[in-house]
Amino acid sequence: MGGIRAEGLTKVYRRGGVRAVDGIDLDVREGQIFAFLGENGSGKTTTVRMLTTLLRPTSGRAWVAGFDVVERPGDVRRAAGVALQEVGLDDLQTARELLELQARLFGLSRGEARRRAGELLAVVGLEADADRRLGTYSGGMRRRLDLAAALVHRPRVLFLDEPTTGLDPGSRESVWQYIRSINREEGVTVFLTTQYLEEADRLADEVAIIHRGRIVAQGSPEALKSSIGADVIAVELGEDPSAIALAVEALTPLTAAAEKRVADGHLYLYVREGARLVPRVVVELERVGVRPRAVTVARPTLDDVFLRITGHHLAVQPPSTAGDGAAGPRANLRAAKSPEREGDR
Amino acid sequence: MNTLRATWLLTIRALREIVRQPVNEVGNLVIPLFFFAVTVGAVGRVAERAFGVENFTGFQMPVAVLNAAASGTAGLAITQDVVSGYFEKLLLTPAPRFAVVFGRVTADSVKAAVLAALIAGIGLLVGTGFAAGPLGFLLLVGMAGAFGFVFSAFGVAFGLRTGSPQAAQLSFLLFFPLLFLSPAFAPKEVFAPWLSFAATINPVTYVLEGMRSLVLEGWDGGALLRAFGAIAGIGGFTLSLTAWALRSRG
């Protein structure tokens with residue numbers, strides 16, 4: 001039993017009566033990578049905090065690795081590893097001391113703690129810096145150490161709250177590789193929150209989109225994208241409302257049955273056989289005197305799913321990442337270390 | 001993970017931090033010694049005539065010890081952990097919640113005992129004497145450690161409740177009125193009635209008199225019992241406050 005389940009999980013903050021999480025149901029199977037996708041303030045972190053026993057739910061129930069988060073918080077903590085959004089480290093300790101202390105607090109003996117700390121420092125590529133105080137670490141090094149600290153007791157479930165926020169593309173790719181490897185090699189269930197579509201798309205077996213405290217869509221990335229059932233034609237029009245209104249009116253006869261959305265100066269048309277329709281779209285716009293800056297057609301992305309459900313794009317996008325890379329996760333994590341040590345302290 | 005083992009591990013971590021910031025502790029030693037020297041220098045010569053205290057240096061040394069013992073930084077350190085997020089990392093382990101606090105407070109207690117030993121040692125060098133002998137010296141050090149433990153919990157409660165380093169330091173500011181409302185600089189017998197009443201209901205009075213009895217009189221069971229009773233009373237209050245504040249942190 002290494003899964004996560006929630007029924008009607010709700011959190012209402014007393015101050016201001018904000019309903020941060022509003023009756024969500026979850027069923028994350030053992031061994032899955034599950035991504036919780038949503039904007040800042042959508043309820044992702046509050047959900048993680050309830051599932052990891054840091055916050056008591058207002059109502060509803062949840063189980064992690066089969067343990068009720070309210071009734072058996074100690075068992076939940078023993079089963080779960082957690083890396084929160086804010087990397088919480090003690091700057092006066094060294095990486096080795098921090099990992100050893102963490103391991104011992106999880107009940108490992110002194111010898112076991114020492115061995116496990118050494119092992120994890122090698123995995124996250126921090127061996128050479130293991131005995132330096134954390135106050136001198138860069139953001140990327142801190143993030144990697146935080147991930148190692150979450151794994152020190154070999155958890156069955158790993159919660160990662162925005163694990164790559166603030167990381168450069170190389171470090172982000174390394175973290176992704178490592179998450180995949182512990183999921184595949186050790187069967188760890190991974191619950192990650194993210195506001196990066198690419199992260200959810202590339203890592204997750206299943207994605208839930210959370211919007212204003214509610215899960216508004218859930219499924220595999222492919223299933224969610226297929227749910228749009230069409231290509232996406234994006235017509236870039238700029239912010240002139242009259243041009244947008246004219247374009248919508250002109251294209252309505254052409255795409256009567258198609259769904260349309262306007263966001264960020266674009267008109268989005270969800271149509272079948274989009275490529276075939278593009279020339280006619282251009283001609284119709286030309287006819288009413290609207291000159292689009294660009295017209296593109298693409299297969300739907302998770303962003304299109306998000307846009308369709310919430311009415312707007314996810315605001316935050318990470319810098320584009322390099323390709324998958326052929327080397328294993330350990331090699332990649334090490335490779336990502338050097339530039340950070342040079343530049344990013 | 002039992003509370004004792006977790007407390008031990010977290011005490012070691014907190015002591016390591018104290019050792020790694022030695023400059024902070026220099027102030028905690030020097031300031032009480034400075035006030036000790038200045039008070040003895042200003043009043044020492046007239047103390048016997050003014051209020052019948054023969055050994056004013058010995059009379060003042062426990063004030064410096066208490067002053068140092070109240071300089072715990074557990075509250076400040078815990079708020080720094082809260083702000084950095086490390087406190088939550090500790091809460092995510094199976095370590096009992098109270099151990100996370102006890103680790104810091106115990107480190108303050110050890111620090112208070114070390115500072116007390118140094119101050120009392122310096123006191124001996126400048127002629128305070130020690131009526132209760134070496135065992136009494138050790139008891140005074142232990143008493144300072146115990147006072148450091150319970151008083152430090154005050155700052156922890158403030159810090160946990162507010163998450164503010166400034167609030168955590170309020171405990172040290174609170175110590176000064178308590179010290180001034182005790183017979184710190186003159187015996188209670190010469191106080192105005194209102195001040196004498198305030199000193200009577202002030203637990204710091206009894207801790208101070210217990211320590212003073214070891215330096216000036218020898219073994220006074222009643223004074224020592226009252227001192228430990230006062231420490232237990234302060235502890236009952238500050239630790240309850242800490243437990244209440246800890247609940248607000250999940």
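Q: What makes a stretch of chain A a domain here?
A: Domain bounds come from an automatic or database domain assignment. That assignment gives domain 1 (4–89 + 137–224) and domain 2 (230–299) of chain A. The centres of domain 1 and domain 2 of chain A, taken over C-alpha atoms, are separated by 37 Å.

Q: What kind of model is this, and which pLDDT limits apply?
A: This is a predicted model, in which local features need pLDDT of at least 70 and side-chain atom pairs count only at pLDDT 80 or more, while totals for chains, interfaces and linings use all residues. Residues are numbered from 1 along each chain as its sequence is written, and chains are lettered from A and ligands numbered from 1 in the order in which they are written.

Q: How many helices and strands does chain A have?
A: Helices (H or I, at least four residues) and strands (E, at least two) are DSSP runs, numbered from the N terminus. By this rule chain A has 13 helices and 14 strands.

Q: Why are helix 3 and helix 5 of chain A called roughly parallel?
A: Axes are lines fitted to C-alpha atoms, for helices over the stretch in contact, and angles run from 0 to 180 degrees between N-to-C directions. Helix 3 (residues 95–105) and helix 5 (residues 139–150) of chain A pack at about 20°, their axes 9 Å apart. Angles under 35 degrees count as roughly parallel, so helix 3 of chain A is roughly parallel to helix 5 of chain A.

Q: Which residues make the contact between helix 3 and helix 5 of chain A?
A: Two residues are in contact if their C-beta atoms, placed from the backbone, lie within 7 Å. Helix 3 of chain A contributes A:Ala95, A:Leu98, A:Leu99 and A:Gln102, and helix 5 of chain A contributes A:Leu145, A:Ala148 and A:Ala149.

Q: How do you know that strand 11 and strand 13 of chain A pair?
A: Two strands pair if DSSP finds at least two bridges between them. Six bridges join strand 11 (residues 231–236) to strand 13 (residues 266–271) of chain A, and these strands run antiparallel. In strand 13 of chain A, A:His266 is the bridge partner of A:Glu236.

Q: What makes strand 12 and strand 14 of chain A edge strands?
A: Four strands of chain A form an open sheet with antiparallel pairing, in the order 12-13-11-14. Strand 12 (259–263) and strand 14 (294–298) of chain A each pair on one side only. From one strand to the next, the twist averages 20°.

How values were computed:
Angles under 35 degrees count as roughly parallel, over 145 as roughly antiparallel, 65 to 115 as roughly perpendicular and the rest as oblique.
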